[in-house]
Amino acid sequence: MTKRFIPPKRKQFNQINLSRSTKQILLGSLLGDGSLKIAKNYKNARFCEKHSTVQLEYLDWKFSQLEPELKGRIIISEPTSSSFSKKKKVLYQSRVSNELTILHHLTHTRNKKTIKRSWLNNLDALGLATWWCDDGSLNVATQQGVICTDCFTRAEHLILARYLEIDWKIHCKIIDRPIKNKNKALIRTDYRLRFSNIKEFKAFLRIILPHIPVASMIYKVMICFKDPQDQQRWISEVKNALPQFESEISTIYEIPFQRYGDLVEKNRKLTFRDIFYKTPKFVSILKG
């Protein structure tokens with residue numbers, strides 16, 4: 001029997017001695033907020049990821065999934081006088097590992113993270129879900145989904161968009177994001193991926209929904225529709241896909257929808273986002 005040919009990069013990835021879930025979380029994190037670094041005078045790489053304490057539950061989940069194989073620790077740091085954000089930061093930092101060094105070799109060029117189709121091909125739905133939880137942004141006003149892939153070049157965005165289209169049948173557009181200084185002079189242009197329309201966005205969310213790991217990430221998949229029937233259907237779909245978070249979905253979305261949905265239909269200034277997240281606009285109308 002002829003042995004099936006395995007491309008060298010895929011073969012190397014399959015030989016990394018880590019569980020499937022660990023490798024998927026690492027790949028999704030590398031597309032998002034995570035990094036692999038080989039420090040000076042070190043032979044092997046370590047994984048690091050930092051968030052604000054608002055996302056502590058999410059980073060705790062990553063720690064719980066990665067720590068058994070990668071070890072490491074979580075560190076909470078206070079902002080310094082020079083920090084842009086004045087919120088506390090939480091950092092997960094693994095130990096150095098030969099397995100991470102192999103992954104670093106596959107995903108980096110000259111110690112810089114580089115998008116290549118050869119390693120994107122290893123992603124599955126859990127990896128996509130991790131990527132979305134890291135960098136996904138849901139615009140509740142326009143019902144648009146955007147992946148904030150600012151750190152990658154336009155050429156890398158073309159690879160990402162092509163990968164999503166070929167492997168997952170999801171169509172995205174590359175959007176320019178000009179960055180200007182105080183004098184409105186162009187410094188650089190960043191790029192992001194935006195799902196072409198609500199149909200494509202829902203198709204993507206249906207792929208990743210069963211893999212949303214913590215209740216605090218539900219807001220990233222809860223589209224706010226204008227039509228009450230569309231909203232009810234989507235709440236039910238999310239609830240069915242995430243039965244472990246049934247209580248949270250009911251409390252934050254389903255019960256407010258049932259109780260105050262009529263207000264949205266009667267008042268054009270209100271949206272379902274207002275009643276879900278109890279915005280000042282909603283509170284003011286409710287009191288009035």
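**The interface between the two domains**

About 1700 Å² is buried between domain 1 and domain 2, and carbon and sulfur atoms give 59% of that area; buried area here is the accessible area (1.4 Å probe) that two parts lose on being put together, summed over both. On the domain 1 side, Tyr58, Ile115 and Arg117 lose the most area to domain 2, together 35% of what that side buries. The model is a predicted one, so to speak of local features a pLDDT of at least 70 is needed, side-chain atom pairs count only at pLDDT 80 or more, and totals for chains, interfaces and linings use all residues. Residues are numbered from 1 along each chain as its sequence is written, and side-chain values use heavy atoms, with hydrogens and water left out.

Domain 1 covers 12–122 and domain 2 covers 130–286, with bounds that come from an automatic or database domain assignment. Taken over C-alpha atoms, the two centres sit 25 Å apart. Contact (heavy atoms within 4.5 Å) involves 22 residues of domain 1 and 19 residues of domain 2.

The side chains of Lys62 and Asp134 form a salt bridge, at 2.8 Å from N to O.

Which elements of domain 1 each supply at least two residues of the side that touches domain 2? They are α2 (20–31), β2 (46–52), α3 (56–70) and α5 (117–120), where helices (H or I, at least four residues) and strands (E, at least two) are DSSP runs numbered from the N terminus. The largest share, 5 residues, comes from α2.

Elsewhere, Glu237 lies in helix α9 (residues 228–241), and its side chain makes a polar contact with that of Arg206 (2.5 Å). Arg110 is found in the loop between β5 (108–109) and β6 (112–113), with a positive phi near 55 degrees. Asn111 has its place in the loop between β5 and β6 and a positive phi near 65 degrees. Most residues other than glycine have a negative phi.

Notes
A salt bridge is a side-chain nitrogen of Lys or Arg within 4 Å of a carboxyl oxygen of Asp or Glu. A polar contact is a pair of N or O atoms within 3.5 Å; within protein, one must be able to donate a hydrogen and the other to accept it, and residues adjacent in sequence count only if both atoms are side-chain atoms.
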